[in-house]
Amino acid sequence: MTVKTINAGSTNLDATKKVNAAQKFAAESLPSIVVDNVSKFYGDVLGVNRISFSLGAGITGLVGPNGAGKSTLMNLIAGLMRPNSGTLKVLGLTPAQPEVFFRQIGYCTQYDSFPTGVTGRQFILNTLLLHGYTKSDAARATLNALQQVDLVDVADRRIEGYSKGMRQRIKLAQAICHEPKVIILDEPLNGLDPMARTQVIALFRELASGGASIIISSHILHEVELIADHLVMVNSGYLVADGDASGIATETGEPMRIYIRSHHAMEMAPKMFTIEAVLEVQIHKDDHGLFILTRDANKFFLGFNTLVLTQNWQVDAIGPADQTVEAIYRHLIAGEQVAS
Amino acid sequence: MNISNISADSNASTNSNASNEPSVKAGNNNAALLLRQLGAIVRIEINNTLFSKRSLIAYILTLIPIILLLSLAFSNGDFTSTDFSIDKTRRIFGFIYSGFILGAVVFLGSAAIFTALFRGEILGCSMHYYLLSPVRRELIVLGKFLAGLFSAWALFGLTTLICYLLLYIPFGMTQLISDMTGSIAPAQMFTYLGITMLGCIGYGSLFMATGLIFRNPLFPVAIIAGWEFIHFVLPPALKFFSVIHYLKGLLPIPLNNSPLAIVVTPPSVLVSILSIMVLALCSITITVLYLKRLEIRYTEN
């Protein structure tokens, strides 16, 4: 195991936030997006088929290989496409009422297209004016959106002159400027440098904690792992899995890796094998962390809670280790592709 | 970007939401909101139409008749001949206007401006920004059409006006002032401007629909151009399906027909105006219906 302490630390914090967010997601949120038996075909070509799920507030990662139907699904939710069958509602609304529906939605596509000749400020301002904001309100909200993505300094430059990362951020500002309740982001971290990624992820968390439902598609599984409270996996137009990472891992039988941060790590390690579901235990090189491989996360947590209480251990953090989504992906999608 | 700033800004945004939301909500379902949205669409589209690369063709078309008439006016023609009079010049202008300004500049210029209203956005992959806005589809079509009409009329109306005034170069300022203070010249000038506007309305609405419906609007535009070009030899029943037939009926100076022309009584002013308005209404309705069914795909395919 060659995990550096600094990485483990960040994983530790992320894991804590994710567990909290996932609990909040499951416990508090009512479904804001309901996809019910939705199918979309392009002539004879399958886009998505009989997909059903519902999402509440929080960050949902939409995962799948290229051509899996992620963009189709996002376009359907965003109202840019109509399903051939099934129903799709966002906060109980459908795109048949565009003047209400699109007030609740912000969509950042992965494509690098903008109205020609506009500056960053005009781009956001025009969006808000189309929403019906008065000029003064629009100017204020534009400034706010530009500040959120840190583009105030270049706001009056034409977008054509922006770098890839700046274009990505101005699209993000455009998607969130009207403070939508549902935000759909297609590969939102593409082109961003590591610093900007961290900042944008913090912004997503901020928006999600404010009650927004955020759907993020990404083919970079590590990013999804880092950001999402909830996962929707699609492959070849079908829904493969829907739930939080640990739940999916348990259901699929895929062993799950859990990271525990504690000063009692060395003491904990041998006792972990008394829990039925534990397959493997690794000690972090700083001796203050454990990586547990379990075939049933729920059973493990139950057994671990009992041990913590009886042994009076102090646990600083606990959560899925960063390879969970990748493992599930490998099990559900990549494995299937190899098989087919 | 500073994360703590984000948080502060988010709070600010939440607070500002309190001021933003009511103004939007207050305007919801009322004329003020619709007018604000319509105004925004018109403003955005006028910028796109008049101040972008795609307006180059329209500007060139606007300048051609002006340059042509200027070169004629300053050519070495014998303007002192007894055959050369202001009445005859006005008649010549009538031919230039109906054949060149109306038949070529207004037609092709409207094609360039109005087909790009939707096709330009679709080709530039920026159509979804409109479709994701909380604006009724009818309003998007109306806003784009009004912006196209304003731009087209501003350009081609200006051409009409300048060309009409250029008529007077050989006759001098005295003749110009005398005619302008009289009744004939202003009446003719406003009639030509009115016909130009009707041309922009008729052709514009048709080309706006064409630009949305057809992936390559060049072919339908060529077919419409061919139809308009041969309108004078069409049987009377078919002439009624030609825009130029109604526009020519409005010309202030009746022009001689071509020897090949099948002559029919020109429609009355009211019939001409109403026919073009009906055409525009039908085209706009078709555009709205099509836009409501339009789906945007941003897939690799």
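How many disulfides does the structure hold over all chains? In this predicted model, the number over all chains is 0. A:Cys108 takes part in no disulfide, and the nearest cysteine sulfur, which belongs to A:Cys177, lies 12 Å away. A disulfide would require two cysteine sulfur atoms within 2.5 Å. With a relative accessible area of 1%, A:Cys108 is buried. In chain B, B:Cys200 is likewise in no disulfide, the nearest cysteine sulfur being that of B:Cys163 at 14 Å. B:Cys200 also counts as buried, at 0% relative accessibility.

Chain A comprises 340 residues, of which 56% count as buried. Its secondary structure amounts to 12 helices and 13 strands. Among the contacts of chain A that link residues at least 6 apart in sequence, 69% join residues at least 24 apart. The accessible surface of the chain is about 14,100 Å², and carbon and sulfur atoms contribute 53% of that area.

Two open sheets of chain A were examined. One has 3 strands in the order β2-β1-β4, with antiparallel pairing. Its edges are formed by β2 (45-55) and β4 (85-90) of chain A, each of which pairs on one side only. Neighbouring strands in this sheet are turned by 20° against each other on average, direction ignored. Strand β1 (residues 33-42) of chain A is joined to β4(A) by 5 bridges in the antiparallel sense, and A:Val35 stands opposite A:Leu88 of β4(A). Helix α2 (residues 70-78) of chain A packs on the sheet and touches β1, β2 and β4 of chain A. The direction of this helix makes about 60° with that of β2(A).

The other sheet is an open arrangement of 6 strands in the order β5-β6-β7-β3-β8-β9 (chain A), and its pairing is mixed. The edge positions are held by β5 (105-108) and β9 (238-243) of chain A; each has a single partner strand, so one side of each is left without a neighbour in the sheet. From one strand to the next, the twist averages 15°. Within this sheet, strand β3 (residues 58-63) of chain A runs parallel to strand β8 (residues 230-235) of chain A, and 4 bridges join the two. The bridge partner of A:Val63 is A:Met233 in β8(A).

Strand β12 (residues 289-294) of chain A is largely enclosed by the rest of the structure, because 6 of its 6 residues are buried. From β12(A), A:Gly289, A:Phe291 and A:Leu293 point one way, whereas A:Leu290, A:Ile292 and A:Thr294 point the other way. The strand β12(A) is joined by 6 bridges to strand β10 (residues 256-261) of chain A, with the two running antiparallel. A:Arg257 has A:Leu293 as its bridge partner in β12(A). Strand β11 (residues 278-283) of chain A also pairs with β12(A) in the antiparallel sense, over 5 bridges, and A:Val281 is partnered by A:Ile292. The hairpin of β11(A) and β12(A) has 5 residues between the strands, and A:Asp287 in this hairpin takes a positive phi near 65°.

The buried residues are A:Gly120, A:Phe123, A:Ile124, A:Asn126, A:Thr127, A:Leu128, A:Leu129 and A:Leu130. Their cover draws on both chains, including α5 (135-148) and α6 (164-176) of chain A together with α2 (31-50) and α5 (127-131) of chain B. Just after α4(A), A:Gly132 adopts a positive phi of about 100°.

The largest nonpolar core contains 150 residues, of which A:Ile77, A:Phe204 and A:Ile214 touch the most other members. Helix α4 (residues 86-123) of chain B gives the most to this core, with 13 residues. Apart from neighbours within four places in sequence, A:Phe204 is in contact with A:Ile59, A:Leu172, A:Leu185, A:Pro188, A:Leu189, A:Ile214, A:Ile216 and A:Ile227. A second, separate core of 18 residues includes A:Val281, A:Phe304, A:Leu307 and A:Trp313.

How values were computed: Residues numbered from 1 in each chain as written. Chains lettered and ligands numbered in written order. Predicted model: local features only at pLDDT ≥ 70, side-chain atom pairs only at ≥ 80, totals over all residues. Heavy atoms only, no water. Buried < 20%, exposed > 50% of the residue type's maximum accessible area, 1.4 Å probe, protein only. Contact = heavy atoms within 4.5 Å. Areas by Shrake-Rupley, 256 points an atom, 1.4 Å probe, with all protein chains shown as cover. Pairing = 2+ DSSP bridges. Axes fitted to C-alpha atoms, helices over the stretch in contact; angles between N-to-C directions. Core = buried A, V, L, I, M, F, W, Y, C linked by side-chain atoms within 4.5 Å.
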